[in-house]
Each structure stands twice: as C-alpha cells, then as structure tokens.
Amino acid sequence: AGRAGGRPLSSGPGPGCWRCGRPFPTPTASTAEPRFCPACRALQPPDSGADLFRLMGCERTFRLDQAELRRRFRSLQRLLHPDLFGQRDQAERAFSEQHSALVNRAYRTLRRPLSRGLYLLELRGVALEKGTDSQAEPEFLAEIMEMNEKLAGARRAGGPPTAQEQQQQEEQEEEEVAKYLAAKQEELAKDVSRAFDQEDLQKAKQILSKMKYVANLEEKLKKKKTPS
C-alpha cells in the first residue's frame with residue numbers, strides 16, 4: 001500500500017484520521033456521510049461496502065423520492081468532485097475519485113426500479129438466478145415474444161411492401177412497443193413495490209425477473225432507434 005503524510009493509506013474508514021491520527025466518534029446508523037477529519041479537515045477514505053441507501057440518505061425501501069435522490073446526488077457531487085481536491089495531496093485526490101465513483105454507482109443503482117429492486121434483494125441475501133424465466137406466466141412470455149417480433153420486423157401476410165410502407169410499418173410498430181413497455185414497466189413497478197412492502201421477497205424476485213425482460217426490450221428498442 002502507498003503512504004501519505006507518513007501514514008499508510010487505508011482501504012476504508014478506520015478508527016481515526018489517516019493523516020493526523022485523530023480518533024472519530026462511532027458513526028450513526030442512519031447515514032454513511034463522507035467523512036472529513038474535524039481536526040485537519042482531511043477527506044477520509046470511502047467504505048466500499050457502504051449501504052447505498054444510507055449513502056444517499058434514503059430509507060431502505062423500494063419507494064423512493066426521486067427528486068430528493070437527485071438533490072442528494074448533486075449535493076454529494078459538489079462536496080466530493082475531484083476538481084475541488086486538485087491542490088490536495090495524492091491521497092485525498094485518490095479518495096475524492098473513489099468517493100465520486102461510489103456516489104455515481106449509488107445514484108445509478110437507486111434511480112432505476114430494476115436495479116434498485118435487485119439491490120434490495122441483494123441486501124436481503126436473495127439472488128436472482130439464471131433460468132428464472134421458467135417462473136414467468138405463459139401469457140407474459142407470449143407478450144414479450146410478440147414485442148420482439150415487432151422489433152425484428154416480422155413480415156405480415158401479403159406482397160413485399162414499398163420502402164415507404166416498410167418505414168411507416170416500422171415506425172408504427174416501434175410506437176406500439178414503446179407504449180407497451182411504458183405501461184408494463186409502470187405496472188410491474190407497482191407490483192414489486194407492493195411485494196417489498198409486504199416483505200414477500202419471493203414475489204418481488206419473480207416480478208423483477210419480468211422487469212429484466214422489459215429492460216432488455218427497452219434496450220433493443222433504443223438500439224433500433226439509434227443505429228450505429
């Protein structure tokens with residue numbers, strides 16, 4: 001490990017300041033606020049295993065106030081941005097970059113329903129294994145297959161369409177898929193939120209498996225609308 005100011009760099013929050021050795025009080029359980037030494041004001045290393053909900057000042061629940069999450073994200077960005085530590089020593093610059101990366105990961109994880117739900121399951125020790133598609137209802141899988149066919153541009157009965165007809169058909173089908181995905185995402189988000197409220201983790205797991213299908217379709221639609 002490297003050294004700064006004569007002291008070894010730490011991989012996580014220790015009992016005292018890495019620079020001056022000042023001991024810290026025990027942190028509260030409600031927040032994982034980035035820590036500055038009260039004596040020398042040195043930024044302390046982040047806890048790579050921090051609870052992302054605590055880091056963002058949120059309750060550990062599926063229902064989140066997205067506006068409050070954005071405010072917390074921007075506040076932490078302003079506090080920890082590496083540009084603010086350009087005149088500090090190497091250790092603090094490195095800690096700033098690590099903190100910023102952790103905050104970005106927390107925001108990406110918690111702002112999307114699917115990743116937020118999967119993270120909640122992870123915190124409860126529940127994994128979404130491969131092959132969980134067998135748990136989805138046949139009706140749902142049939143809907144997903146139909147939407148995939150629309151995106152793939154499956155031909156309809158009749159002669160080959162003109163270029164203009166083909167373009168109009170693709171645009172119409174993309175719009176149909178987009179409406180389906182928006183409605184299905186809203187429906188599943190409500191269902192999984194209810195499952196977490198009821199502490200029904202197996203139900204939440206099944207719904208999140210469906211949400212993965214929807215997310216995959218959303219990615220396919222996005223790629224089709226913005227070809228490389």
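## Charges over rings

In this predicted model, the charged end of Arg116 is placed over the ring of Phe62, at 4.5 Å from its centre, where a charge sits over a ring if NZ of Lys or CZ of Arg is within 6 Å of the ring centre and within 35 degrees of the ring normal. Lys210 lies over the face of Phe140, 5.4 Å from the ring centre.

## Aromatic pairs

The count comes to five aromatic pairs, by a rule under which rings of Phe, Tyr and Trp (its six-membered ring) pair if their centres lie within 6.5 Å, with planes under 30 degrees apart taken as stacked, over 60 as edge-to-face and the rest as tilted. One of them is the stacked pair of Phe73 and Tyr107, with 4.1 Å centre to centre and 5° between the planes. Phe73 lies in helix H2 (residues 66-80) and Tyr107 in helix H3 (residues 90-111), so this pair ties together parts that are 34 residues apart in sequence; helices are DSSP runs (H or I, at least four residues), numbered from the N terminus.

Phe73 is buried at a relative accessible area of 11%, and Tyr107 also counts as buried, at 14%, where buried means under 20% relative accessible area, exposed over 50% and partly exposed in between (1.4 Å probe, protein chains only). The rings of Phe140 and Tyr213 have centres 5.8 Å apart and planes at 80°, so that pair is edge-to-face.

## Basis of the values

Residues are numbered from 1 along each chain as its sequence is written. Local features need pLDDT of at least 70, side-chain atom pairs count only at pLDDT 80 or more, and totals for chains, interfaces and linings use all residues, while side-chain values use heavy atoms, with hydrogens and water left out.

Notes
Helix = DSSP H or I, 4+ residues; strand = E, 2+ residues; numbered from the N terminus.
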